[in-house]
Amino acid sequence: MSFKASKYTIWMNYDNDKKQYQVPMNPESIQIKIDGKAVTSDIDRLGTLLHKGKRGPMQISWSSYFPATYGSYCTCQKKNFKSPQTMHKWILALMNAANPLHLVFSGAFSLNIYAVITSYTATEEGGDVGTISYSITLKEYRSVTIKKYTKPNTKKKAPAKQTKTKKRVNNTQKKKTYKIKQGDCLWNIAKKYYGDGKKCTKIYNANKSVLNKAAKKHGYSNCRNGNLIFPGTTITIP
């Protein structure tokens with residue numbers, strides 16, 4: 001089955017789908033591997049018996065490339081297109097994340113699971129500067145099922161009960177906060193958290209109302225685009 005048609009989409013999301021990244025070029029093929037599980041036991045006079053168990057975790061792998069520029073050959077809409085560098089950094093971030101990513105295939109070949117990236121190889125060739133070719137392998141993530149044991153009531157001679165509780169996968173990313181100190185500016189705060197002071201506008205846009213409110217408390221009409229901040233104000237680092 002070819003996956004080149006644009007009706008098929010592949011998404012690698014995080015933070016309960018608040019961060020959504022679509023693969024810009026669908027691969028020619030996708031490999032899915034699922035191992036079955038069977039247990040054997042030897043019983044006197046009956047011989048060896050085979051017991052069927054639950055399947056192993058699903059493994060998904062494919063190879064494709066991140067094009068340097070958007071074009072009609074892309075299998076995503078232009079608004080969802082991201083540069084090769086952005087997609088490369090996103091995959092590395094998912095590999096280092098504390099929680100599994102949300103993998104979604106739409107179309108006839110539908111898949112909706114949580115997974116972790118177990119292998120990722122990226123290559124940039126001199127003949128096509130800017131384009132990144134890659135191969136990726138993911139493995140299905142399953143939350144652990146914990147059994148609770150309830151001690152039987154000996155007076156009523158009730159049988160022991162077992163209940164199952166299943167913890168839902170939560171890959172919500174916790175927001176960072178920072179309390180402004182004397183001598184701080186948004187440039188220095190951005191440089192501290194992002195390593196780039198130019199990203200101060202990102203912090204300003206996420207905290208515009210908080211900064212304006214603090215400025216009004218000190219007698220100003222607004223925070224002057226983030227240039228006027230006050231110690232003790234708690235802001236969010238997006």
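These are my notebook entries on one predicted model.

**Ground rules**

I work on a predicted model, where local features need pLDDT of at least 70, side-chain atom pairs count only at pLDDT 80 or more, and totals for chains, interfaces and linings use all residues. Residues are numbered from 1 along each chain as its sequence is written, and side-chain values use heavy atoms, with hydrogens and water left out.

I take helices (H or I, at least four residues) and strands (E, at least two) as DSSP runs, numbered from the N terminus. I call a residue buried under 20% relative accessible area, exposed over 50%, and partly exposed in between (1.4 Å probe, protein chains only). The areas come from the Shrake-Rupley method with a 1.4 Å probe, and for residues only the protein chains shown count as cover.

**Entry: the core**

I looked up the nonpolar core first. I define such a core as a set of buried Ala, Val, Leu, Ile, Met, Phe, Trp, Tyr and Cys residues joined through side-chain atoms within 4.5 Å. The largest one has 26 residues. Met12, Ile60, Trp62, Leu103 and Ile136 have the most contacts inside it. I then listed the elements that give two or more residues to this core: strands S1 (9-13), S5 (59-66), S6 (101-106), S7 (111-123) and S8 (132-140), plus H1. S7 gives the largest share, five residues. As background, nonpolar side chains in soluble globular proteins tend to be buried together.

**Entry: salt bridges**

Next I searched for salt bridges (a side-chain nitrogen of Lys or Arg within 4 Å of a carboxyl oxygen of Asp or Glu). I found two by this rule. In general, side chains of opposite charge can pair when their charged atoms come close.

Arg55 bridges to Glu140, with the closest N and O atoms 3.0 Å apart. This pair links distant parts of the chain, 85 residues apart. Arg55 sits in the loop between strand S4 (47-52) and S5, while Glu140 is in strand S8. The second bridge joins Arg142 and Glu140, at 3.9 Å from N to O.

I checked cover for each member. Glu140 is buried because its relative accessible area is 13%. Arg55 is at 35%, so I mark it partly exposed. Arg142 is at 37% and is also partly exposed.

**Entry: contacts across the sequence**

- Asn13 and Leu101 are 88 residues apart in sequence and 5.8 Å apart in space. Asn13 belongs to strand S1. Its relative accessible area is 4%, so Asn13 is buried.
- Ile132 and Pro84 are separated by 48 residues in sequence and by 6.1 Å in space. Ile132 is in strand S8. Ile132 has 10% relative accessibility, so it counts as buried.
- Met58 and Arg142 are 84 residues apart along the chain, with 10.0 Å between their C-alpha atoms. Met58 lies in the loop between S4 and S5. Met58 is buried because its relative accessible area is 10%.

**Entry: positive phi**

Which phi does Asp17 have? I read a value near 70 degrees, positive in a residue other than glycine. Asp17 is in the loop between S1 and strand S2 (30-33). It is partly exposed, at 27%.

Asn225 also has a positive phi, near 60 degrees, and is not glycine. I place Asn225 in the loop between helix H4 (208-217) and strand S12 (234-237). Asn225 is exposed, at 60%. For context, most residues other than glycine have a negative phi.

**Entry: surface charge**

Last, I looked for a charged patch. My patches are made of residues with over 30% relative accessible area and no salt bridge; like charges are joined within 9 Å, and nonpolar side chains (Val, Leu, Ile, Met, Phe, Trp, Tyr) within 5 Å. I count Lys and Arg as positive and Asp and Glu as negative, leaving out His and the chain ends. I place each charge at NZ of Lys, CZ of Arg, CG of Asp or CD of Glu.

Lys19, Lys89, Lys199 and Lys202 form a positive patch. Lys89 is in helix H1 (residues 84-96). Lys89 has a relative accessible area of 60%, so it is exposed.
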